[in-house]
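This briefing sets out selected features of the structure shown below. The points are grouped by topic and may be read alongside the sequence.

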Amino acid sequence: SAYKAITYTLFAASLKMLSVEICISHTSATIYCILAALCNFSATAVPFEDFIGHPFGSGAGDQSLSGCDECSKNVELSSPFPFFNRTYIRASINVNGVLSLENSSSLFRHSFQPPGFPSSGRATVAPFWYDSDLRGTGVMYYKFCTSSQYLEEITKTIGKLLDNQQFLPNSCLIVTWDKVGYYSAKTDLLNSFQVILATDGRRSIAIFNYAENGIQQSFSKYTGLYATVGYNVGDGVRSFTVNGSLTENIGNIDENPGNTGTFGQWIFRL
């Protein structure tokens, strides 16, 4: 399997809501945010197999989790990752479509019940926080990328967000939830999505990718909740939640243009 990143249209458009959030938090992006919010750009749907131009899976050197429910993997980041006013050296990746940034080696088991943001506690990045279950089907792949080709593509993708200042990431973490089922070991509706975390040691970026028809289930009958998409700093104040989170509309995130102008693709400066 492979995804293909849309590097040329990634910053073609920006929703006003996200533009305001970025401008408040990161003044260096103010001019770009205003222009992006006022301009009208077209968006293009991207098939699942064409999302990122590099393979993922065990054959591509990824590590994986499968055949489990409520399972997490604690990893040491290949380089320190700044996230707002703190820097983290570990991440806890969970099958429920969320990861937390950590400085402790203890494993953090994320709740299958997504909270509303902002919330106090751990710093979290949630491309699709939902009650997933890999016991029936699906795999969560993860890997660190340090190759020059990968990092150069990320540089091109996010350069405009920094007012054309050069962003040269020295590492990234890619996590892909591939055709994952839902609780309890259900396999009739599957979700496929991805998060890319990249940093240059001073600034950090998150990219959320959703395959075309990649989100087939967003509501958990067990919890009575819909999925949450966004990030949470953990101080009870700062966070961002994609419009539609915790409602039935979040199930359409793969069918609507993200803040990038591309269907199923979002980007955030952290």
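C71 is buried, with a relative accessible area of 10%. In this predicted model, C71 is bonded to C68 through a disulfide, and the structure holds two such links.

**Overall fold**

- The chain comprises three helices and 17 strands.
- Of its 270 residues, 54% count as buried.
- Among the contacts in the chain with a separation of 6 or more, 69% are accounted for by residues 24 or more positions apart.
- The accessible surface of the chain amounts to about 11300 Å², and carbon and sulfur atoms contribute 50% of that surface.

**The disulfide of C68 and C71**

- The sulfur atoms of C68 and C71 are 1.8 Å apart.
- The link of C68 and C71 is right-handed, with 60° about the S-S bond.
- C68 has a relative accessible area of 16% and C71 one of 10%; both residues count as buried because each value is under 20%.

**The disulfide of C145 and C172**

- A disulfide also joins C145 and C172, whose sulfur atoms lie 1.5 Å apart.
- C145 belongs to strand β9 (residues 139–145) and C172 to strand β10 (residues 171–182), so this pair ties together parts that are 27 residues apart in sequence.
- Both C145 and C172 are buried.
- When bonded cysteines are counted along the chain, the disulfides follow the pattern 1-2, 3-4.
- In general terms, a disulfide is a covalent bond between the sulfur atoms of two cysteines.

**Aromatic residues**

- The structure contains 16 aromatic pairs.
- One of the pairs is formed by F219 and Y226, with 4.7 Å centre to centre.
- One aromatic cluster is made up of F83, F84, Y88, F208, Y231, F240, W266 and F268.

**N191 in strand β11**

- Is N191 buried or exposed? N191 is buried, with a relative accessible area of 2%.
- N191 is located in strand β11 (residues 186–199).
- With neighbours within four places in sequence left aside, the contacts of N191 include the aromatic residues F128, Y130 and W177.
- N191 is also in contact with D178, K179 and V180, as well as with G214, I215, Q216 and Q217.

**V175 in strand β10**

- V175 is placed in strand β10, the strand that also holds C172.
- At 0% relative accessibility, V175 counts as buried.
- Which residues does V175 touch, not counting residues up to four places away in sequence? They are I93, L99, M140, Y141, Y142, F193, Q194 and V195.
- Of these, M140, Y141 and Y142 fall within the residue range of strand β9, while F193, Q194 and V195 fall within that of strand β11.
- The C-alpha atoms of V175 and Q63 are separated by 9.6 Å, although the two residues are 112 residues apart along the chain.

Technical notes: Residues numbered from 1 in each chain as written. Predicted model: local features only at pLDDT ≥ 70, side-chain atom pairs only at ≥ 80, totals over all residues. Heavy atoms only, no water. Disulfide = S-S within 2.5 Å. Buried < 20%, exposed > 50% of the residue type's maximum accessible area, 1.4 Å probe, protein only. Helix = DSSP H or I, 4+ residues; strand = E, 2+ residues; numbered from the N terminus. Phe/Tyr/Trp six-rings, centres within 6.5 Å; stacked < 30°, edge-to-face > 60°. Contact = heavy atoms within 4.5 Å. Areas by Shrake-Rupley, 256 points an atom, 1.4 Å probe, with all protein chains shown as cover.
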